[in-house]
Amino acid sequence: MDLTELLKIANAERNKQKSIRVHCCTSTGCQAANSLSVKNNLATAVKESGLSDRVEVVGVGCMGFCGRGPLVQIDPEDTLYEEVTPEDAPSIIDALNGGVVKPIQGDSQHPFFARQMRIVRQNTGKVDPESIEEYIAVGGYQSLYKAIYDLTPTEIVQEISKSGLRGRGGGGYPTGLKWATVAKMAGEQKYVICNGDEGDPGAFMDRSVLESDPHLVLEGMAIAGYAVGANHGYIYVRAEYPLAIQRLQKAIQQAKRYGILGSQIFESPFDFKIDIRIGAGAFVCGEETALIQSIEGKRGNPVPRPPYPAESGLWKWPTLINNVETLANIAAIIREGADWYSSIGTENSKGTKIFALTGKIRNNGLIEVPMGISLREIVEEMGGGVPEGEIKAVQTGGPSGGCIPASMLDIPVDYDSLSKIGSMMGSGGMVVMDRATSMVEVAQFYMEFCREESCGKCVPCRAGTVQLDALLTKIVNKKATMDDLTKLEALCQMVKDTSLCGLGITAPNPVLSTLRYFKEEYLELIQANNLDVSLTS
Amino acid sequence: MNSQQAKINGQIVNIQDGETILQAAKRLGIEIPTLCYSEGMHPEGGCRMCLVESNQKSLPVGACHTPIQAGMEIQTHTPKLEALRRDILSLYLDDEQPVFQGNGKETKFTGLLQDYQLKPISDSQAVKVDNSHPYLSFNPDTCITCRLCLNACEQIQGQFVYGISGRGSESRLVFGAEESFADSPCVACGACVDLCPTGAITDRDRLNLTPADSVTETVCGYCGVGCRLEVESAQGKVLRINPVEDAVVNQGHLCVKGRYAHSYHHSSDRLTQPLKRVGEEFQPISWDEALDLIAEKLLTIKADYGADALGAFSSSRSTNEAAYLLQKLFRSLIKTNNVDCCARVCHSSTALGLRTVTGAGAASASYVDIEKAKCIVIAGANPTEAHPVVGARIKQAVLNGARLVVIDPRRIELAEYADIHLQLLPGTNVPLFNALAKVLIAEDLIDRDYLNERVEGFEEFCTFLNNLSLEEIASITTVETNLICEAARLIGSYGQTLFVHGLGLSELTQGTASVMTLCNLGMLTGSIGREGAGMLPLRGQNNVQGNADMGGMPNLITGYQPLNNPELRQRLESLWGGVPPEEPGLTIPEMIDAAARGDIHALWIQGEDVVQSDNNETHVREALSNLDFLVVQELFFSETCQYAHVILPAAAALEQEGTFTNGERRIQHVRPAVPPPGEARPDWEAIRDVAVKIGANWNYQNPGEVMDEIAQVAPNFFGGVSYTRLKGDGLQWPCPSSDHPGTVTVHAEHFIRGKGQLVTIDYIPSPEHGVAGYPFLLITGRLLEHYNVGTMTRRTPNQELVTEDVLEIHPADANREHIADGEPVNLESRWGSTTVKAKHSRRIAPNTLFLSFHYPETHTNRITGPHLDPKSKCPQYKAVAVRLQPNKS
Ligand SMILES: Cc1cc2nc3c(=O)[nH]c(=O)nc-3n(C[C@H](O)[C@H](O)[C@H](O)COP(=O)(O)O)c2cc1C
Ligand code: SF4
Ligand code: SF4
Ligand code: SF4
Ligand code: FES
Ligand code: FES
């Protein structure tokens, strides 16, 4: 396979595609809402209405508006149908023939879509994730080709550094710097790991990328492998993502068949193979050292760093570990260049970020927005605000993050601004809360999550989260005193200062941030206890 | 502070590569509290007690796992850190869900609690204690899940007994998938016990908190690894045994035998008085009477039948000094060379083979080479059972990346860790090694410079190999050609390789040949004399090396000196006041034959149950009953004692002073931890006193004086050895002068014999191969829990761990022969038969069987036949033609 052949495949595929494509989402969210039957019925309807020569029905990845699934979109006219049932299929096809448009039609120009900027999700909802040809038809694998034939590994690393891309897995570590470290290490063996363990409650950005555009991630991994000198990659996917696993398997098979993965990629001396590892079902396995232990077949528990994986990772070899979304940015950066990428976003946060917008909000789903967009734009304009009542706070960063009060909605969404106010970007969870939500209960919800997910290796996290959870429960149940509040604050600080890995270190964050902005809610619950006491005595 | 320095509590420290903050602080004498860390193991990083403040980090860092770096300024005991430590510790003591409940014991953990003014909430009733194992117990109420035990088990023993179930606060230490200690794969090495900071895992012998009135450092009396022990005793009884923390041999580790199986010392059936045969009975007599009787009998028999009508078997369990004196007694006073040691029936082939081709009949390498080796070959040895501490070290080396080839008819435990396992037909080592050599040469995977400079016989060897066919060898050995090639390529790709072998090589009619052909591989790969490589035979018993070193052989005097060496004879004339005949004497099997024929009339057997341990038991019994006089020095009334005329009660390993020499030539000081029971005495004293009765002027006051004489008799090997130098880890011979540090790698400059010799030896099938009507080949050997004929271990709780011998049979064979798992079978060779329970096992290949020999009632050695290696006279225990059928009675 060389470039001409790649372009030939792309052309052939484009020629093969019909002029009207009926895109039906077949990702997990819509599948759960019966989108596979919708798709079948659409296909039958096309056949029965005799439109087969110009219309085709294509199963595509997630379009983002998952709260309204199953979604069907007509390409190129860009009509969107929401909450489609299998029975709606004939009339949707009928509409292509001039029939009456059903009321289930959505608004594809809604700010939810219009304000997005799609780099990672450029193909999702447009290509069939199970077809490598469709991926190639939209320019897929040309970046890998370019990387191998037009760039040296050092140039690639420089390009990534210059782009300003930072890790999307939560830590926000500069990706180029990490690549440079691994590239610099001597080692007869090196690895690239794609972290697809995505364990934050409510987060499904990575799942959606893997399900909707698996080749984009494979391409990013292969470029990374070439840049850092690794010949072997692992994708670590959580077991709860069977569809992602299945599509990745298929994608790897297809790429291997074309000589795009495996040995002598594009007939160059570069070999790169990718294996899938299925997660051990614990949140902490997403932590990089735990993940490596898990791939090695050991208990998925974190181990002390240093040494960092970049120096001594999988089987003690230098290992590059990046998040799914991070890797999904690579092909675009190589294709469009670092300057283009770094023109998007803010000073220290470049590019886009996908968020899973959930909670008390009108428009639930996945959005990809440029860094620096204000929280208010996301919540009020794209999300359409709270259905009833008023917004109280937005939680970002999941169990490691914090709650941002409504008064601060104008802050720009970027790494530094979020951490300055005591929250964090995290992996992209964004939960909107209305006035009726108790912030202490929110804090307790996340603490309970951390308590259950603590691996148990280090004592502050193992035992500290239990006590924190108990204290929060006491407060929620109006059984607490001011002493308990003091204890809570001290314990938060201790767990943060002394835990071994990110889980424990950040576990107190939701408590700390609600204490910072909503302390009166804690005090009210404690006063309620004192009232009870005075009433009964 | 310069660019190579850091500061801890204001003190400047020079950075050392790879050092952690904890280690650097320790060098400055600053103690940082720890709970989950132990030197030498990967830091767990869980307890967070070791947190310190660093100017380079905003959060405190773990001192046990953070490398110290230039420019760091560390504070270890600020009020904030001390408060954090106290807060962390109090997490274990939560009122509602206490992780730790006291058990009244003072441990490292309770010590820390005290330091931080904390107290356990409650003392647990210890209801949930797991006492299922004879030696170990576990109390979950005091377990703080620090995982030190788990790490010790994985990183020291390599046994993977423990697991963690559950997450977070629910996480608990568990025995893998098993319910209890007893069901777990624990091999009772005790490594975890020593590290548990709370005493949740305890030795059951440690539950007895009797304080020791004395603590003695000595050497284990079991296998040839030679672990150093620290024996705690009170009122003359052994309380408990710990490993010596910094011993080079065992590095703070022990095995189930060395650590726990010591109660035989105080067994009620120890021999405590000299006994004399009166008719069929034995009567107690005084030592004086016994000594007189022995002296008189030896002299009369010599007078009646000549010196060569007498003989002695020295024991590989006794000390160097006793072995030396026994051969000296027979050589210088009786004037016969009929002295041999029980190494004859184990590693005589190794000693002879190695000596022939290299010039030294011992390991060229040392145990430290295990960690240095990149590639290890194990041939005919099962180290994790027979030499557990070395086995654990090999396993760790492999887990840490060393490559491993196992050559053994059984799928031994280490075969599961091996890159390649060549499961050959018993007794076919020689052709297999030749085939490996052929591939190494054919594919030019050899060290040509080494061969040119240091080895002779290469041309001839190549010609010889040219005539061998790999296909033919594949069919003889039952190992596929491509597997042989693969193994050779793996070895060849590393070149220098550590060759570890055991009795599976030596106890064959081609025993010496097996050892020498293995040495061929050692030379082709340029391994012998190099660090991390070379020959490392695993010697069976504690002092089997020493016994041969001391001259417990009919053809060689102390230090492997030929009898006819004129210089030596001169030296002996002045040191001994008499020289032995120049003609070599008889080996043990030859003496047994001679006794059966009536040519030998008197034997002195030191600490060896020949009836049970020597091959062809029926014949041995006949021979012994033929004797006019038999002296036995023993701990217990063994099978052999039945044939004795005088029995001398002997001191056991922990009851005497002397030296043992381990399998890596290391002479270590043995010290008495407890007194012998009753009138039992060390072997060397009894021999000295008999000599005096015979009229010699031996006036050694202590074994140290015997060693001084040994140094003079064999200056090349032991000239620099004396008790004053045997502190700590002792000395590895050769140690020719008092300023010589001992030798880790023999043949480092050149082979002791000048040039190494490649040998051209072809396969000769043993008389046990292809015997019509006997379709199986039987291998005999040891199990972890027992030691040889079990005299010692059967008198300890090890008995509860393994209660009987087993016959391993491949399930396919068992099904064909209609033998159920656990069913008794009649096992029959051409030489004898016995009944034993069959155990289905895939450790053994089809058409081969394995039988242990720890129980007298098994009579394993009724089965083994009369065949000897013609050179070493070592019997063939490792391949016997047998047949079997279900025992229907
Ligand atoms: C408790 C915990 C869970 C984590 N889970 C994930 C995860 O699910 N996915 C992920 O990409 N990173 C996760 N991380 C972050 C990883 O450790 C690591 O920083 C990341 O994979 C690096 O990739 P990036 O630089 O591309 O972000 C987690 C970290 C912690 C402490
Ligand atoms: S902080 Fe929590 S999750 Fe991380 S190592 Fe410690 S116990 Fe495990
Ligand atoms: S005694 Fe040894 S084998 Fe048994 S659990 Fe402890 S460390 Fe593991
Ligand atoms: S048994 Fe002891 S060493 Fe093992 S985890 Fe519990 S406290 Fe730690
Ligand atoms: S799953 Fe169908 S739109 Fe997201
Ligand atoms: S001793 Fe360092 S974390 Fe336990």
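This section describes a sheet segment, a chain contact, a ligand shell and a nonpolar core in a predicted model.

In chain B, strand S18 spans residues 403-407 and is mostly covered, with 4 of its 5 residues buried. Strand S18 of chain B pairs with two strands. Strand S17 of chain B (residues 375-379) runs parallel to S18(B) and is joined to it by 5 bridges. In this pairing, B:Ala379 stands opposite B:Ile407 of S18(B). Strand S19 of chain B (residues 420-422) is likewise parallel to S18(B), and 3 bridges join these two strands. Here B:Val405 has B:Ile420 of S19(B) as its bridge partner.

The contact between the chains draws 25 residues from chain A and 25 residues from chain B. On the side of chain A that touches chain B, the elements contributing two or more residues are helix H19 (439-453), helix H20 (459-476) and helix H21 (482-498) of chain A. Of these, H20(A) gives the most, with 8 residues. By class, this side of chain A consists of 12 nonpolar, 6 polar and 7 charged residues.

The shell consists of B:Ala152, B:Cys153, B:Gln157, B:Gln159, B:Val161, B:Cys186, B:Val187, B:Ala188, B:Cys189, B:Gly190, B:Ala191 and B:Cys192. Two or more residues of this shell come from each of helix H4 (148-157) and helix H5 (191-195) of chain B. The largest share, 3 residues, is supplied by H4(B). In terms of residue class, the shell around ligand 3 holds 9 nonpolar and 3 polar residues, and no charged ones.

In soluble globular proteins, nonpolar side chains tend to be buried together. The largest nonpolar core of the model has 437 residues. Those with the most contacts inside this core are A:Leu42, A:Ile223, B:Ile376 and B:Leu436. Among the elements, helix H11 of chain A (residues 214-228) gives the most to the core, with 10 residues. The residue A:Leu42 touches A:Val22, A:Cys24, A:Val57, A:Ala89, A:Ile92 and A:Ile93, when residues up to four places away in sequence are not counted. In chain B, B:Ile376, one of the residues with the most contacts inside the core, lies within the residue range of strand S17(B), 375-379.

How values were computed
Residues numbered from 1 in each chain as written. Chains lettered and ligands numbered in written order. Predicted model: local features only at pLDDT ≥ 70, side-chain atom pairs only at ≥ 80, totals over all residues. Buried ≥ 20, exposed ≤ 12 C-beta atoms within 10 Å, placed from the backbone. Pairing = 2+ DSSP bridges. Contact = placed C-beta atoms within 7 Å. Nonpolar A, V, L, I, M, F, W, Y, C, P; charged D, E, K, R; others polar. Near = placed C-beta within 6 Å. Core = buried A, V, L, I, M, F, W, Y, C linked by C-beta atoms within 7 Å.
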